[in-house]
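Hi,

Here is the model I said I would pass on.

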Amino acid sequence: MPKMKTCKGAAKRFKLTGTGKVKRAKAYKSHILTKKTRKTKRNLRKTAYVSPAQEKTIKKILPYL
């Protein structure tokens, strides 16, 4: 079998935790920040996890993660 290719765009966006969950960053933090509250922007800094429904897809496009 040949080596599988990693989706490089996804490799930059997702990391794996020790327990096997997939970490991701939250969206809506890049621009138009003046109308968002301080609390909202602070909460967007926190990491989130990929939903179990999409975890299988992410692990498929990142075979060596």
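First, a term: I call a residue buried under 20% relative accessible area, exposed over 50% and partly exposed in between, using a 1.4 Å probe and protein chains only. By that cut-off, 17% of the 65 residues of the chain are buried.

Some ground rules. This is a predicted model, so local features need pLDDT of at least 70 and side-chain atom pairs count only at pLDDT 80 or more, while totals for chains, interfaces and linings use all residues. Residues are numbered from 1 along each chain as its sequence is written, and side-chain values use heavy atoms, with hydrogens and water left out.

On overall shape, the radius of gyration is 15 Å, whereas a compact globule of 65 residues would come out near 11 Å (taken over C-alpha atoms; the globule rule is 2.2 Å times the number of residues to the power 0.38). Along the principal axes, the C-alpha atoms fill a box of roughly 50 × 25 × 20 Å.

The chain has three helices and three strands, in the pattern α-β-β-α-β-α along the sequence. These are DSSP runs numbered from the N terminus: helices are H or I with at least four residues, strands are E with at least two. The strands form an open sheet with the order β1-β2-β3 and antiparallel pairing, where two strands pair if DSSP finds at least two bridges between them. β1 (15–16) and β3 (48–49) are the edges, each with a single partner strand, so one side of each has no neighbour in the sheet. Two bridges link β1 to β2 (residues 22–24), and Leu16 has Val22 in β2 as its bridge partner.

What sits in the largest nonpolar core? Six residues: Ala10, Phe14, Val22, Val50, Ile58 and Leu62. (A nonpolar core is a set of buried Ala, Val, Leu, Ile, Met, Phe, Trp, Tyr and Cys residues joined through side-chain atoms within 4.5 Å.) Ignoring neighbours within four places in sequence, Ile58 is in contact with Phe14, Val22 and Val50, contact meaning heavy atoms within 4.5 Å.

One more residue to look at is Glu55, in helix α3 (residues 52–61). Glu55 is buried because its relative accessible area is 19%. Not counting residues up to four places away in sequence, Glu55 touches Gly20, Lys21, Val22 and Val50.

Cheers
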